[in-house]
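Here are my notes for someone opening this one for the first time. Have a look at the model, then work through the points below.

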2 protein chains.
Amino acid sequence: MKTLLKNLTVIPVTRDSLSFNADILISGSVIEEIGPGLVCPEADVVRDCTGLIALPGFVNAHTHLSMTLMRNYKDTCSNLQDWLGEIFPIEDRMTDEDIYYGSLLGLAELIKSGTTSFADMYFHQWMTARACRETGMRAFISQTLFGDLEETKKRLSETRLDREIDNELLRKDYAVHAVYTCTKETYEYTAAAARERKAVVNTHLSETKKEMDDCLRQTGMLPAVYLEKTGFFDVPCYAAHGVWLQEEETEILRCHDVGIVHNPSSNCKLASGIAPVSRFKSAGLTVGLGTDGASSNNNLSMLKEMRLAAMISAVSTMNVGALRPYDIIRMATLDSAKVLKADHLIGSLEKGKKADIAIINPDSANMTPMNDIFSAIVFSADERNIDSVYVNGKCLFCEGKLTTIDEDAVIHEALKRWDILRKEG
Amino acid sequence: MKTLLKNLTVIPVTRDSLSFNADILISGSVIEEIGPGLVCPEADVVRDCTGLIALPGFVNAHTHLSMTLMRNYKDTCSNLQDWLGEIFPIEDRMTDEDIYYGSLLGLAELIKSGTTSFADMYFHQWMTARACRETGMRAFISQTLFGDLEETKKRLSETRLDREIDNELLRKDYAVHAVYTCTKETYEYTAAAARERKAVVNTHLSETKKEMDDCLRQTGMLPAVYLEKTGFFDVPCYAAHGVWLQEEETEILRCHDVGIVHNPSSNCKLASGIAPVSRFKSAGLTVGLGTDGASSNNNLSMLKEMRLAAMISAVSTMNVGALRPYDIIRMATLDSAKVLKADHLIGSLEKGKKADIAIINPDSANMTPMNDIFSAIVFSADERNIDSVYVNGKCLFCEGKLTTIDEDAVIHEALKRWDILRKEG
């Protein structure tokens, strides 16, 4: 299958801030060619994209997809810890079917807002994998571990993820939830298991001041110092949040090439704090972008996440140029892919990479005039401007419609599942 | 003309946090009745709105509408003062036609995102008034003054606003730009002129630290202390920004019933700071919400403004409950109307008020499940969820289409005007 997209403004995100007019030839799952005046007589589809903008599909580097079921639930809690106290009992009751429909609901939202891949940390991960396989979505799905070593071994023995993840678009990672919910042995054991399978690991890290303070009190070490000693960073690793990371910790992360996933909505909404992203970047860390779960955001739109990241970086540093609009786009695409150790496959539009593409239609009042194409995408665009979305060469969102998800049916089922789940409490 | 909207979930914004199922009967320009099971055999239109949410249309209490032409222009400047240095020369070249098409472009964007009225401070205001008249939009349009007394008198003698504003949806206010661009005499003269005409005045106030510091150095007084002495607050007054207002100043504003318009996007984007909204509210000030101009935002969506206001209030106070989602909705509707001294007409859905209504369709993945209707609107909704918009009883946005603006034609003309304007420089 070959698709030729003609006459686009392309933001390739391959090197410094750049856009140009070009065509994109997709062959199967990859970008076969990108450049001006491409001709392909054997193309199955030729689409005139005059006036449209192509950029790498957004890489949502940290979320909990099926938490969409808990969107806006109990979000009057005063902090992360209290809120988790409301959420955990419901999570304990969740079934495979809940996770499946929660995942499909999240996938519908992700794809419609231009996201082409995501990293997921949650439970019953095999059902998220199944939803992705059926949808044709790319994902980095973590076998998620929680609690002590006994619970970790139990989860690992009971998982059905290996069976469901067997698909070229899916990768199995290992996640340990956080230092405040998991033991040292869980981190150590998971690191060893991941190393054996050449897998990538990830964790929540230094999300709140309380997490940092408690870790210091209990272990005498800052969270990243503590985790380094477990060997967790000796495996390819990424970490979510990092709001409270101290200089000593960023140096540890840099040495181990641990990238940070910035989650501005969740960090603001839960009053966790503002991660010092420009300081991280100056310190040599790679910083990607994620929405976190829809129950602490409360949506899964990377467009909203980019805008908020830009806003809070400027105001928290009192420096408009702390992160430029192009930096933000890069965070949401290539740098997220780098953080996930997947930038050989995705994150930019270039020959040989997977055809994960978001196409934006700026022909509406809210994007007129554009003046600066990067600013226009970060500050002016909204979800209405997402024209189409290709994942692995396949168009999953086209002319305002999802091609592989029946959104109405998924909404109906998700509401039914959530209704049961909530009433059980 | 009578329109009966049936089976809505209504957020009336009349008292504490509340929503209920009801019908709304619009008679001419006003809400004739609101409640369950309304019957009106003589209704011209009866619309089944099952599943939809009605709330007061957003009141954008501070913007510069025709600056949409400069959207994303030179937004790499490092602060407000530098950016104004780029913007002012272009403004000097703007013609009536530029303002007219810039206004229509802004109106298209406002209406499509659920806004039903706005307060505008800009030049060539008569053309903004004309665009509003033709569109059927409600507006509070300021005769805007700038510079010294001589320039003020010149502007007042040359204005054509009185001629164009003669319309029941339009009100003429008086604006003095700011303490750093206008003289004491301009404030005094404008206050006197407004008092004579029983008009409302407004100004930019304490937007940046530099403004505050310069005012202190030049006058020995904080900006609000200085303005109080000009008599400007003796006239019904509202003030935009207020980022750097000190306690002594909030007390002055409270005494004179001067409301503040919070502009979070502009304040973050230009690194001006975060206005302490919950402190203002505790001090007894009324705080509304505005987008500021599209060239410092860079859009005109009150949905984005609400979300950002919520996010930064939580993280800047480290208190999730500093502003609750319902408080934010109220800021964007009733409190904005109060700030503009127009809450007798608009800002809530109740019998006798003007039929300015935004209708939201939550039947999409990104608003499923809602769980908390207020959180869902503030955090999860986006512009795709705006189903229809009524201003003064007339449907200006209906089934995805503007009824009184030809958006394509306006985009075309606005781009043409901007192209000329930019090249002249």
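1. Start with how chain A is divided: its domain assignment gives domain 1 (2-57 + 348-402) and domain 2 (58-339). Those bounds come from an automatic or database domain assignment. Keep in mind that this is a predicted model, where local features need pLDDT of at least 70, side-chain atom pairs count only at pLDDT 80 or more, and totals for chains, interfaces and linings use all residues. Residues are numbered from 1 along each chain as its sequence is written, and chains are lettered from A and ligands numbered from 1 in the order in which they are written.

2. Now for how the two domains meet. Taken over C-alpha atoms, the centres of domain 1 and domain 2 of chain A are separated by 28 Å. Across the boundary, 26 residues of domain 1 of chain A are in contact with 25 residues of domain 2 of chain A (contact: C-beta atoms, placed from the backbone, within 7 Å).

3. Which elements of domain 1 of chain A give two or more residues to the side that touches domain 2 of chain A? They are β5 (53-56), α14, β15 (386-391) and β16 (394-398) of chain A; helices (H or I, at least four residues) and strands (E, at least two) are DSSP runs, numbered from the N terminus. The largest share, five residues, comes from α14(A).

4. Eight of its eight residues are buried (buried: 20 or more other C-beta atoms within 10 Å of the residue's own, with C-beta atoms placed from the backbone). Among them are A:I373, A:F374 and A:F379. The cover over the buried residues of α14(A) includes β1 (2-10), β5, α12, α13 (325-339) and β14 (357-360) of chain A.

5. Next, the partner chain: 55 residues of chain A are in contact with 55 residues of chain B. On chain A, the elements giving two or more residues to that side are α2 (96-112), α10 (264-269), α12 (302-317), α14 (373-380) and α15 (407-423). Finally, a bit of chain B. Strand β12 (residues 259-262) of chain B has B:G259 and B:V261 pointing one way and B:I260 and B:H262 the other, and all are buried. Three bridges join β12(B) to strand β11 (residues 237-241) of chain B, and the two run parallel (strands pair if DSSP finds at least two bridges between them). Here B:Y238 stands opposite B:G259.

Methods. Buried ≥ 20, exposed ≤ 12 C-beta atoms within 10 Å, placed from the backbone.
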